[in-house]
Amino acid sequence: MGILDFISKQFIDVIQWTADEPGVLAYRFPMSGMEIQNRAQLVVRETQKAAFFNEGKIADIFGPGTYTLTTQTLPVLTYLKNWDKFFESPFKSDVYFFDTRDQIDRKWGTTQPLTIRDKEYGPIRIRAFGNYSYAIGDVELFWSRLAGTAERSTSEMIEGQLRGIILTAIATALGQSSVGFIDMAANQEAFSKQLEEAIEPVLRAYGIDVKSFYVQSLSLPEELQRILDKVSSMNILGDLNRYAQFQTAESIPIAAENPGGLAGAGAGLGAGLAIGQAMAQGLGNAAAGTSQSPSSAQPAEDPIQLLEKLGDLLAKGILTQQEFDAKKAELLSRIK
């Protein structure tokens with residue numbers, strides 16, 4: 001090699017990645033037309049790792065620190081590249097830097113409802129959404145399975161693949177779980193931990209460590225949610241007598257907004273209350289069995305008690321004096 005050839009060659013004295021680009025996970029140091037000289041400096045900052053590649057395979061990995069590249073610090077590459085022959089065998093190698101910081105607030109969610117077998121409702125479909133954070137743990141696995149030989153790899157580039165991996169792991173975990181939907185929704189912290197434990201080993205196989213995993217929303221498709229709401233309502237209502245009272249109380253503010261006001265709604269409220277009481281009595285008799293004799297049915301309410309209730313409605317302004325007088329005459333005619 002002539003002296004002019006030697007002078008014209010470009011050598012790299014310092015290898016480092018100084019750009020702080022959010023979302024860039026792996027960066028290939030530019031080596032085109034340049035060669036690394038013996039005793040060059042390798043600078044690996046905190047939250048970084050550097051890897052030297054030979055013929056497409058990782059030869060050496062360095063953590064944070066400053067290194068002088070010699071036959072002692074690069075034993076594998078030294079053996080392959082023959083650095084001991086001065087510049088006659090120039091050292092060329094791909095060098096990748098990896099960002100090992102936590103990648104926070106990454107989103108995950110079910111694009112389609114997942115079918116699970118609920119212990120109470122049988123097969124149901126659920127939707128789930130949340131966020132998670134991760135960091136590169138195993139550089140070699142991450143490079144070989146996700147990053148590859150691209151000049152740079154970003155979190156956005158692997159987002160779709162990670163989401164698919166996570167959803168597959170979640171579907172598998174839920175398919176094997178005996179926890180009911182109601183229990184999942186009631187304790188999302190424990191449910192998040194359960195799912196985190198399910199996806200940790202799967203992502204670790206890609207060189208990624210899960211730092212956090214949260215379920216922020218757990219829901220049923222709208223048609224199933226309506227059915228569940230009806231079932232819950234029936235369980236909550238139970239006593240139709242209480243339901244009739246609840247409906248009456250709910251009707252008062254609605255009636256106040258009508259043109260006729262509370263006075264015009266008085267007769268309707270009385271009718272609604274009577275219907276609710278009749279329904280409660282009828283269903284109560286049916287639940288007791290068809291063999292029950294008519295004499296065991298609940299007696300009609302005493303007219304005097306009904307008058308007292310009507311008096312309360314009159315005092316509250318729900319009934320007009322005319323409506324009260326008409327009802328009073330009807331009830332008094334029953335008394336013999």
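**Exercise 1. Find which residues Thr154 is in contact with, leaving aside its neighbours within four places in sequence.**

Solution. Thr154 is in contact with Gly23, Val24 and Leu25, once its neighbours within four places in sequence are left aside. Contact means heavy atoms within 4.5 Å. Helices (H or I, at least four residues) and strands (E, at least two) are DSSP runs, numbered from the N terminus. Last, take the relative accessible area of Thr154, which is 16%, so the residue is buried. Buried means under 20% relative accessible area, exposed over 50%, and partly exposed in between, with a 1.4 Å probe and protein chains only.

This is a predicted model, in which local features need pLDDT of at least 70 and side-chain atom pairs count only at pLDDT 80 or more, while totals for chains, interfaces and linings use all residues. Residues are numbered from 1 along each chain as its sequence is written, and side-chain values use heavy atoms, with hydrogens and water left out.

**Exercise 2. Give the order of the strands in the open sheet, and state which strands stand at its edges.**

Solution. The open sheet has 5 strands in the order β5-β4-β7-β2-β11, with antiparallel pairing. Two strands pair if DSSP finds at least two bridges between them. At the edges stand β5 (57-62) and β11 (152-154); each has a single partner strand, so one side of each is without a neighbour in the sheet. On average, neighbouring strands of this sheet are turned by 20° against each other, direction ignored. Axes are lines fitted to C-alpha atoms, for helices over the stretch in contact, and angles run from 0 to 180 degrees between N-to-C directions.

Now look at one pairing. The antiparallel strands β4 and β5 are joined by 5 bridges. Phe53 stands opposite Ile58 in β5.

**Exercise 3. Describe how helices α3 and α4 lie on these strands.**

Solution. Start with helix α3 (residues 139-147), which packs on the sheet and touches β2 (24-28), β4, β5, β7 (94-99) and β11. The direction of α3 makes about 100° with that of β7. Then take helix α4 (residues 155-176): this helix lies across β2 and β11 and runs at about 55° to β11.

**Exercise 4. Classify the ring pair of Tyr96 and Trp143.**

Solution. The structure holds 13 aromatic pairs. Rings of Phe, Tyr and Trp (its six-membered ring) pair if their centres lie within 6.5 Å; planes under 30 degrees apart count as stacked, over 60 as edge-to-face and the rest as tilted. For Tyr96 and Trp143 the centres are 6.2 Å apart and the planes are at 65°, so the pair is edge-to-face. Tyr96 is in strand β7 and Trp143 in helix α3, 47 residues apart, so the pair links distant parts of the chain. Both residues are buried. Ring pairs also link Phe53, Tyr96, Phe98, Phe142 and Trp143 into a cluster.

**Exercise 5. State which elements have the lowest and the highest mean pLDDT.**

Solution. The term pLDDT is the predictor's confidence in each residue, from 0 to 100. The protein chain averages 74, and 66% of the residues score at least 70. Over residues 78-90 pLDDT stays under 50. Where pLDDT is low, the predicted coordinates should not be read in detail.
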